[in-house]
Amino acid sequence: MILHVGARAPEFAAPATLFDGQSAAPQAAMARVDEEARCLSVEIGGAVRLTWPLADIREVPDQARRDILVIRHRDDPLARVILQDRALLPRLPEADRAAPVTGRRRLALWAMAAIASVALIVGVLVPRMADQLANYIPPEGERALGEVTLNQIREALGDSGVAPVPFCTNEAGLAGLRRVEARLADQLDLQHDLTVSVLDHDMVNAFALPGGYVVLFRGLIDAAEAPDEVAAVLAHEVGHVVSRDPTRHALRSAGSIGVLGLLFGDFAGGAMVLVLAERLIEAQYSQEAETGADAFAHDLLLSAGLAPEALGRMFERLRARGGEPEGLLAHLMSHPALADRIAEARAATPAGFTATPVLDAAEWAAFRNICD
């Protein structure tokens with residue numbers, strides 16, 4: 001159509017389908033544009049059902065049929081008007097503009113409430129429930145949990161998942177390990193039998209699992225310079241076993257991972273097991289639990305005729321390898337400062353105390369070769 005200069009633009013009118021946002025039923029309507037008022041009205045049976053300013057109309061994108069036009073008001077998330085062609089589009093100056101976000105403050109408050117709720121569940125409710133639940137797990141249940149977790153850890157640390165990390169099985173070395181274990185266990189009345197194993201891995205670490213399982217790594221034995229240092233680390237892990245820290249830690253980790261998995265997905269099945277295994281290897285107990293395990297080790301070592309100072313020497317080797325966290329990192333670490341633990345181990349050793357060797361030179365040499 002050719003318009004004469006100064007002529008008024010013709011009004012637009014076309015059949016349309018209205019979804020009013022109140023019901024799912026489509027309603028046959030007529031859409032009209034008043035160019036002077038710069039608005040679109042939708043009529044049904046001659047009665048105006050809604051009026052939208054043209055500047056407030058937005059196209060609903062990503063429609064399967066690109067030959068039709070679907071529009072909505074920027075402030076109405078539900079109502080839709082559908083036209084069978086796109087002739088109206090040039091009259092909509094803001095059709096492709098994103099609608100402004102409304103209720104930002106309310107959204108922010110909801111987001112903060114959601115984050116606070118998750119923090120409360122993961123940081124307070126899950127730990128308390130885990131502590132309570134740990135009291136009701138029978139010994140055989142803890143034992144089964146520890147066995148399954150140990151196998152999962154071996155697989156997680158294995159050769160690209162092909163083969164699990166092997167146990168060290170040198171007979172002479174195992175004999176030395178059993179002597180160290182018996183020296184400590186004879187001083188205790190344990191709910192579970194201790195099962196102490198050495199994994200053929202160069203990690204300088206040791207950890208306890210539910211049900212009386214304690215795992216040493218070859219790297220820890222290689223880093224030790226005397227058998228009483230290994231015995232001291234073992235005494236510390238036995239302290240966790242007696243306090244049932246591994247069981248509570250496993251329940252807390254599983255509960256936290258489960259909550260996060262429900263929120264974010266991808267924490268089910270194998271992924272959850274691997275994350276749980278990693279958490280148990282790290283054994284990041286609270287400072288209170290670590291301090292308690294240290295104190296338990298000091299008493300146990302003295303009862304077994306060994307010097308608690310040996311635990312301090314082992315901590316010194318760990319500090320020489322990895323340093324001491326400082327500043328904010330030190331504040332956030334769950335383990336107490338190594339300097340404090342070293343000082344406490346030394347202070348726990350009575351003046352003039354003479355330790356009874358746990359292994360002789362030949363037995364210690366064999367023990368160090370336990371993975372050969």
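This is a predicted model: local features need pLDDT of at least 70, side-chain atom pairs count only at pLDDT 80 or more; totals for chains, interfaces and linings use all residues.

Modeller: Happy to! Ile370 is among the residues with the most contacts inside the largest nonpolar core, together with Leu177, Val198, Leu216 and Phe367. That core has 42 residues, and helix H5, residues 227–243, gives the most to it, with eight. Apart from this core lies another one, of 21 residues, which includes Ala29, Val33, Trp52 and Ile57. In soluble globular proteins, nonpolar side chains tend to be buried together.

Two of those names, Ala29 and Val33, bring us to strand E2, which covers residues 27–34. In a regular strand, side chains alternate between the two faces of the sheet. You can follow that pattern along E2: Gln27, Ala29, Ala31 and Val33 point to one face and are buried.

Now look at the partners of E2. Strand E1, residues 12–19, runs antiparallel to E2 and is joined to it by seven bridges. Within E2, glutamine 27 stands opposite leucine 18. Strand E3, residues 39–44, is also antiparallel to E2, with five bridges joining the two. Here methionine 30 has glutamate 43 of E3 as its bridge partner. Four residues lie between the strands in the hairpin of E2 and E3, and arginine 38 takes a positive phi near 55° in this hairpin.

Arginine 38 leads us on to proline 53, which touches Arg38, Cys39 and His73 when residues up to four places away in sequence are not counted. Proline 53 belongs to strand E4, residues 47–53. Is it buried, partly exposed or exposed? Proline 53 counts as partly exposed because its relative accessibility is 35%, and that label covers values between 20% and 50%. Proline 53 and leucine 92 are 39 residues apart in sequence, yet their C-alpha atoms are 9.3 Å apart in space.

Let us finish with arginine 72, found in strand E6, residues 69–73. Arginine 72 is buried but has no salt bridge. The nearest side chain of opposite charge is that of aspartate 76, 7.0 Å away, whereas a salt bridge needs the charged atoms within 4 Å. A polar atom of the arginine 72 side chain does lie 3.4 Å from the backbone oxygen of arginine 74.

Key. Residues are numbered from 1 along each chain as its sequence is written. Side-chain values use heavy atoms; hydrogens and water are left out. A nonpolar core is a set of buried Ala, Val, Leu, Ile, Met, Phe, Trp, Tyr and Cys residues joined through side-chain atoms within 4.5 Å. Buried means under 20% relative accessible area, exposed over 50%, partly exposed in between (1.4 Å probe, protein chains only). Lys and Arg count as positive and Asp and Glu as negative; His and the chain ends are not counted. A polar contact is a pair of N or O atoms within 3.5 Å; within protein, one must be able to donate a hydrogen and the other to accept it, and residues adjacent in sequence count only if both atoms are side-chain atoms. Two strands pair if DSSP finds at least two bridges between them. Contact means heavy atoms within 4.5 Å.
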